[in-house]
Amino acid sequence: MLLVVRDLTVALPIGGRLVPIVESVSFTLGAREILGIVGESGSGKSMTSLAIMGLIDVPGARVSGSVRFRGRELVGLAPRAYRALRGREIAMIFQDPMTAFTPVYTVGRQIDEQIRVHQKISRADARSRTVRLLGDMGVPDPERVAGRYPHQLSGGLRQRAMIAMALSCNPALLIADEPTTALDVTVQAQILDLLRGLRREYGSSVLLITHDMGVVAETCDRTLVLYSGLVAERGPTGALFAQPGHPYTAALLDSIPPLHGPRPARLPSIPGSPPVPAERPAGCPFAPRCAYAHEACAVRPALVASGVQDIACVLPAEGRPLPPRFVAEMSA
Amino acid sequence: MTRLPVDSPAPLIAAQDLRMTYRVGRGQVLRALDGVSLSVQRGEVLGLVGESGCGKSTLGRCLLRLVQPSGGRVVFDGTDITTLPERRLRPLRQEMQMVFQDSYAALNPRRRVGDLVAEPLRVHPAPGGGWRSRADIAARLAELMDLVGLPQAALARYPHEFSGGQRQRINIARALALSPRLVVADEPVAALDVSIQAQIVNLFMDLRDRLGLTYVFVAHDLAVVRQISTRVAVMYLGAIVELGEADAVLHRPAHPYTAALIAAVPEPVVRTEGLPPPLRGDVPSPIAPPPGCRFHTRCPVARDRCRVDPPTLRGLPDGREVACHYPLVET
């Protein structure tokens, strides 16, 4: 396994006490695998990725549990050692490429530099690698684009340039945090296509953080659903979407208006809103909004195996798993 | 293009050859709207879809005359409002309201919800003339809270005390305070989480049924637009490329751009067959749109004619309109 995360907990000081924002999150990521971490705002998905990258710099924050990358423990790693790792072995791309590039240098120069920080090669060699990378990312006329400033590029081109920069040192792990959220759908489709191709072309594994269940369905091999900082469900994407095991996953999928088939008179919605971390209930965090909540939910449910999925819910153990999801046929 | 809207009877609002141009320096002109004509019947929900920069938000704002169009006409309920002086426009403004994407930016954080929702009731006179009494306003506020599904206690609280979904309910209450007939909603659910988005989409649909409202619903999310709209207009680079019944346009798209847009939506379904190849390239700059059909640079089925001859919107037998020389459905 490339990445093994065990009981990762991130606690931040809020109102004079440490509040766990992310609690006991565990998952693994294999070579050339794409794992989706999906959740709504405040679910802890970005905090999880920042903790893996060692980028949580809130004073008083506490990261506990274990993150093993290629067998090496990252929790508690010295900042210096982390810096050597980031960019070279683990790279990250964000929603807004403008934050990854400085506006004062050309895109090409910034990618060249990134390469030269980690490898001793000449400027000319670095530039030819930059141009090749940009071309691989589907940038038309890569030589010209390398000579342009970030603000001169469209959103889609900037995102491609950022992915090129992230891949410049051939990282084993790429963490992509909402990489397509700011893009239009036709450009999003291009970038997702590119991410799917990375494992083939570059042998990279991808941790894809997103709020969009559609993006997960079309991109990820396995999926982890977070709710209020806890894992609600995880499993192979196909199984999870065909038969979601956690009532939250099922309700979330139901609330997305369908693009095909009959239009529902009303969209099934989830009443209320997720709890803030400081007010998370002691039992199942989803219980206050769950249609299946009962006495057993007053105790925090453990993640238990049910078929190929792991589900943090008491229903499967009570012998009443959720029914398979109904999906209307897509018209050709 | 000077085609008159053919729809009958008299629409609640109609745009005719609407143009909006911005000077962007060095003598360049950005055509945000390049001759848009459409009409919206009473009780209808017209969805405006397209990618960033297509002009959908500009069109929404021009319809309410929140911006002054550079050319063309906007007719609201039989009155040409394009050049109506503000004094005469004001009474009509009560009948057309807007809901924005950013629920927080639209609300003054230092004022209580009750004051925010009451504001339109205080600045506009009552229908019979004269000003509304305190008691009338209080009664109306209570009614509005019920309408949008907020507790009465919300009136005494401040915007920051609410979640994004609740704040959008406050904005909707405010937009409905004067009992408008037309509501233009610009990406009203784009900033919300899906589970909350469903609540607000349902609310829009309920309110339309209960109050007989007419909506122009601007959104980039095709699935949301399909859920709420009776008709859909697809825009690309400042022009409508396809316009028709929501189910016809979204199930059997006639314009290759509509088809590509639909194919690009990631659906929460794991498909066994491969995904369609994505559309190439980015949307061209609206400062220098391509000659001929503005979509030809990305169109998978473009032919020579498309590079030189700009297609105009024309009717198809099923009643929809499409701006394409080679539409994907039978003509």
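Predicted model: local features only at pLDDT ≥ 70, side-chain atom pairs only at ≥ 80, totals over all residues.
**Figure 1. Chain A as a whole, with its helices and strands.** Chain A holds 10 helices and 12 strands, and its radius of gyration is 21 Å, close to the 20 Å that the globule rule gives for 332 residues, so chain A is as compact as a globular protein of that length. Along the principal axes, the C-alpha trace of chain A spans about 65 × 55 × 35 Å. Buried residues make up 48% of the 332 residues in this chain, and among its contacts between residues at least 6 apart in sequence, 63% join residues at least 24 apart.

**Figure 2. Chain B as a whole, with its helices and strands.** In chain B there are 10 helices and 12 strands; the radius of gyration is 21 Å, close to the 20 Å given by the globule rule for 331 residues, so chain B is as compact as a globular protein of that length. A box of roughly 70 × 50 × 45 Å, taken along the principal axes, is filled by the C-alpha atoms of chain B. Of the 331 residues of the chain, 48% count as buried, and residues 24 or more positions apart account for 64% of the contacts in chain B with a separation of 6 or more. The UniProt record, an unreviewed entry, places the feature "domain: ABC transporter" at residues 13-262 of chain B. The end C-alpha atoms of that span lie 28 Å apart, and its content is 37% helix and 25% strand.

**Figure 3. The hairpin of β1(A) and β2(A).** Strand β1 (residues 3-14) of chain A pairs with strand β2 (residues 17-29) of chain A in the antiparallel sense, over nine bridges. One place to look for this pairing is Val10(A), whose bridge partner in β2(A) is Val22(A). Two residues lie between the strands of this hairpin, and Gly15(A) in the turn has a positive phi of about 55°.

**Figure 4. The hairpin of β1(B) and β2(B).** Strand β1 (residues 13-23) of chain B and β2(B) are paired in the antiparallel sense over nine bridges, and the bridge partner of Leu18(B) in β2(B) is Val36(B). Between the two strands of this hairpin there are five residues, and Gly25(B) in the turn has a positive phi of about 90°. Nine of the 12 residues of strand β2 (residues 29-40) of chain B are buried, so this strand is largely enclosed by the rest of the structure.

**Figure 5. An open sheet of eight strands in chain B.** The strands follow the order β6-β7-β8-β3-β9-β10-β12-β11 (chain B), and their pairing is mixed. At the edges stand β6 (96-99) and β11 (314-315) of chain B, each with a single partner strand, so one side of each is left without a neighbour in the sheet. Strand β9 (residues 231-236) of chain B runs antiparallel to strand β10 (residues 239-245) of chain B, and six bridges join the two; the bridge partner of Val234(B) in β10(B) is Glu242(B). Helix α5 (residues 164-176) of chain B lies across β6 and β7 (182-186) of chain B, and this helix runs at about 170° to β6(B).

**Figure 6. Surroundings of Phe217(B) in the largest nonpolar core.** This core has 194 residues, of which Phe217(B), Val234(B), Ile240(B) and Val241(B) touch the most other members. Its largest share, eight residues, comes from helix α6 (residues 155-167) of chain A. Leaving aside residues up to four places away in sequence, Phe217(B) touches Val45(B), Leu46(B), Gly47(B), Ala185(B), Val225(B), Ile228(B) and Ser229(B).

**Figure 7. The contact between chains A and B, with helix α9(B).** The contact takes 42 residues from chain A and 32 residues from chain B. On the side of chain B that touches chain A, α6 (194-211), α7 (222-228) and α9 (256-264) of chain B each supply at least two residues, and the largest share of that side, seven residues, comes from α6(B). Seven of the nine residues of α9(B) are buried, so this helix is largely enclosed by the rest of the structure. The buried residues of α9(B) are Pro256(B), Tyr257(B), Thr258(B), Ala260(B), Leu261(B), Ile262(B) and Ala264(B), and what covers them includes α7 (185-202) of chain A together with α7, β9, β10 and α8 (246-251) of chain B.

Key: Residues numbered from 1 in each chain as written. Chains lettered and ligands numbered in written order. Core = buried A, V, L, I, M, F, W, Y, C linked by C-beta atoms within 7 Å. Buried ≥ 20, exposed ≤ 12 C-beta atoms within 10 Å, placed from the backbone. Helix = DSSP H or I, 4+ residues; strand = E, 2+ residues; numbered from the N terminus. Contact = placed C-beta atoms within 7 Å. Rg over C-alpha atoms; globule rule 2.2 N^0.38 Å. Pairing = 2+ DSSP bridges. Axes fitted to C-alpha atoms, helices over the stretch in contact; angles between N-to-C directions. UniProt positions renumbered as here; feature names shortened; annotations may be inferred.
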